[in-house]
Amino acid sequence: MVNAAHRSGGEVLEDLNTSEQGLSSGEAARRLAVVGPNALRSHKASPWTVLGRQLRSPILILLIITAGLSVFLGDATNSVVIGVILVVSVGLGFSNEFRAERAAEALHSRVRHSVVVLRDGQAHQIDVVELVPGDVVKLSLGTVVPADIRLLVSEELLCDESILTGESLPADKGPAAITGDASLGDLACSLFMGTVIQSGSCTGVVVATGGRAEFGRIALGLGEHQPQTEFQLGLKHFSYLLLQVAVVLTTLIFIANLLLGRPLIDSLLFSLAIAVGITPQLLPAVVSTCLAAGTRALAKRKVLVKRLICIEDLGDMDVLVTDKTGTLTEGRISFMAALPARSGLCAEGLIALGLVATEVDYSHGAVSTVGQNALDAALWDSPQARDFAPESQRRMGIIPFDHQRRRTSVLVADASGHQQIVTKGSPEDVLRLCRDVPPEAMALLDEQYDAGSRVIAVATRDAGVVDRIVPADEQGLVLAGFLVFLDKPKANADKSLVELATLGIAVKVATGDNARVAEKVCRDLGLVSGGTLTGVQMDAMTDPELGEAARETSIFARVSPEQKARLIKLLRQQGRAVAFLGDGVNDALALHQADVGISVETATDVAKDAADIVLMDKDLGVLAEGVREGRRIFANTIKYVLMGTSSNFGNMFSAAVASVVLSFLPMLPGQILLNNLLYDTGQLAIPGDKVDKEQLLAPSHWDIAFIRRFMLLFGPISSIFDFATFALMIFAFHAVPGEFRAGWFIESIATQTLIIFAIRTRRVPFFRSRPSAGLLWASLGVVTLGIYLPLSPLRGVLGFDPLPVPFFLALLAMTVVYLVLVEFAKQWFFSRPVQQQPTVRRRGRVHHIHRTAARFSVPQRLR
């Protein structure tokens, strides 16, 4: 890239064997075949990769080796039982995780990120992954730069390069070649993949794609596969904690059993089975199944997520920053009236001035408003516009609208050749340029604002004889009047705001409209205002000052795209999980800056491209449904974690103590693995379980300390009943080893499976919170099978002996007492202040890199 920056645009085109008209389609296809796709991630669902993850567990490998040694030493029966259980366990995990990966692949394949490229001399939209070196591309405000690009032409171009350089201020860009030595941040004629166009537009030639780009090298250094969600990473770290506990526990058990004179292989197998029993083997499958089920459920609710990680982001949201138009209002802007502010000008004349001061080309008869801003389109679509005579006003020059000036100015000449400048824009900005504004005009403006109308000011002045117009000409204007528009509040927006409030989401409005209009709309919808800040006031504040003010302020008016992005950045720095909902080109910067960018199906291409989630309906109610689904997925996954870690830890601790105290192993290795397999299989129904309403009222983050506390309370409770079972079998029934193992096997599978009904809710189970039918029948089926196996014809192979009938009566009583005790412990646990403390999540640069790299993804392995 440095070499291209030192050469002129023409020389770079020559080096790449291309031209300003771009490549031909055939040449582009040839280059794509040679250099490969412009991709940094692969979303290909590979069965071998999934299987490798299943078999990568060191404990599993040790078990396989030890089972093989067992066969070699003559203990074929036990090794076959262990082998069958391992195959079934791996098979279950593989099938569920691979099915979820296939769902993720299908999801990614539905999503396209496009770029405008010149092919065969014509502009085309293609997928970013199809770009090749030599392609000539056109980029505009809010676009993510799709490759490393040498500029050819640019207009007022600023680029946010923070993802590469860490610099918060945008970099000025232009096509002039650089001279001398320069660092990455000094290459002013180059655009880098993954950076964002903050203002202006440009045309450039692609120099490097994929992993050859500067950003590509960084992203590929983090891996080529889609990143795991933060929740999955948290589970991974917790699994390491459990593994450490398992290693310590199994080592002590192994040494103790050897000191007690037990056979080496039996001691090793038992120790390793304890290690497997304490780790939730099907955890990845449960998480993946939850996420895959979530994407399908969200699709039914008309919410399209682009990546699985977006589901977690959606549930985490606690602040929503949204535009006003089309979200809180109907989005159908209607022209209402023209209010002249000077004598001698009628309403028809004011409308004509408003029409000429738009960016619409009216010189060819038929007028198209496609791509125009909503107010201009409404003005042209009004009945009054039909009386406009295009030949009466010839446009000679235009200064287009931008978000700094907030106005459009044109130079026009009438039929007699008289030239004048017409300026149209926000009243605050136009009135500053006017002289002698009458008080009655200000009163008229205030009246319209108080009514909640959107108002555009029109002003004019004689231009003399000139042939062009520049921004310096926008002065000494005379106010012509006001154009009044109406965008009614949505009928159901108030209910949607209540829904979001009940979900613990603070709604903040960021709009380009006037503050009083925004306040009127919010007031009509019952949105409690925490105060209003304008863009001018925001610019006068330092980052710490604005961050503090943004905590309570709920309306941000007359804000530019850069100000929206700054607001979101400061909210995120406070540890808030911030979503932004927008649909226009001017929303793209904020969409990139948010934790989760949300757009709608009818949005501009740039906004949809920048968003992580696309709503099929622009309705806050649909968004609320999506948030609930994200939180439901988290709640169901955490159920498995809490249940597995607490009951597994308790049972394995019990087994460790019993193996030292008893003269025989309390359960054979194969029996421990069978118990774990049955229990895990029943929990695969958790992703479809119901979730209590109160669990959806606030975002829940991964909290390893909370899970550790839960494990250390409920694990010992499980062990107490295990020890009670041991005492019952030894002292009441005088059980031999086969009976003892059968009794504990049944008690263990019953208690640790049924505890899910207590742990899945903070309410009283069954009476105030009912599980899903799938989870109920799966759990009862597992318990039934667990009771049947020690009584079945397979009991001899499995190492069980028949049990006396009184044992089952005692088991029923103990199970009831156990569940009641767990219920009391649960109420005490969740009432403690330490469990109420909110967790704060901060995301860094790596997350941002992953998020940006996700748009450059193909369903194949990368070269």
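In what order do the six strands of the open sheet run, and is the pairing parallel or antiparallel? I would like to start there, and to say at once that what we are looking at is a predicted model. The order is β11-β16-β15-β14-β13-β12, and the pairing is antiparallel. The two edge strands are β11, residues 334-340, and β12, residues 393-399, each of which pairs on one side only. From one strand to the next, the twist averages 25°.

Strand β15, which covers residues 454-462, is joined by seven bridges to strand β16, residues 478-486, and the two run antiparallel. If you want a residue to look for on your screens, take V455, whose bridge partner in β16 is V484. Helix α14, residues 374-381, touches β11, β14 (419-425), β15 and β16, and its direction makes about 90° with that of β16. Helix α16, residues 439-450, touches β11, β15 and β16, and here the direction of the helix makes about 10° with that of β16.

Now I turn to another strand, β10, which covers residues 319-322. With strand β20, residues 578-581, β10 pairs in the parallel sense over four bridges, and L320 stands opposite A579 in β20. With strand β17, residues 506-510, β10 likewise pairs in the parallel sense over four bridges, and V319 stands opposite A506 in β17. As for the side chains, in a regular strand they alternate between the two faces of the sheet. In β10, V319 and V321 point one way while L320 and T322 point the other way, and all of them are buried.

Let me step back to the chain as a whole. The chain has 863 residues, and buried residues make up 56% of them; in terms of secondary structure, there are 32 helices and 23 strands. If we take the contacts between residues at least 6 apart in sequence, 76% of these join residues at least 24 apart. The accessible surface comes to about 35300 Å², and 60% of that belongs to carbon and sulfur atoms.

The UniProt annotation "transmembrane region", from an unreviewed entry, covers residues 55-74, 80-98, 240-260, 272-299, 710-736, 742-761, 773-791 and 803-822. For two of these spans I can describe what the model shows. Residues 710-736 are 85% helix and 0% strand, with the end C-alpha atoms lying 35 Å apart. Over residues 803-822, the chain is 90% helix and 0% strand, and the end C-alpha atoms are 27 Å apart.

A word on cysteines. A search of the whole structure finds zero disulfides.

Let me finish with some individual residues. V117 is found in strand β2, residues 114-119, and it counts as buried because its relative accessible area, 0%, is under the 20% cut-off. Leaving aside residues up to four places away in sequence, V117 touches Q122, A123, H124, I126, L131, D135, V136 and V137. V117 and T203 are 86 residues apart in sequence, and their C-alpha atoms are 9.4 Å apart in space.

R558 has a positive phi of about 50° although it is not a glycine; R558 is found in the loop between β19 (555-557) and α21 (561-573), and at 11% relative accessibility it counts as buried. F766, also a residue other than glycine, has a positive phi near 70°. F766 has its place in the loop between α28 (756-759) and α29 (773-788), and with a relative accessible area of 39% this residue is partly exposed.

Note on methods:
Residues numbered from 1 in each chain as written. Predicted model: local features only at pLDDT ≥ 70, side-chain atom pairs only at ≥ 80, totals over all residues. Heavy atoms only, no water. UniProt positions renumbered as here; feature names shortened; annotations may be inferred. Pairing = 2+ DSSP bridges. Axes fitted to C-alpha atoms, helices over the stretch in contact; angles between N-to-C directions. Contact = heavy atoms within 4.5 Å. Disulfide = S-S within 2.5 Å. Buried < 20%, exposed > 50% of the residue type's maximum accessible area, 1.4 Å probe, protein only. Areas by Shrake-Rupley, 256 points an atom, 1.4 Å probe, with all protein chains shown as cover.
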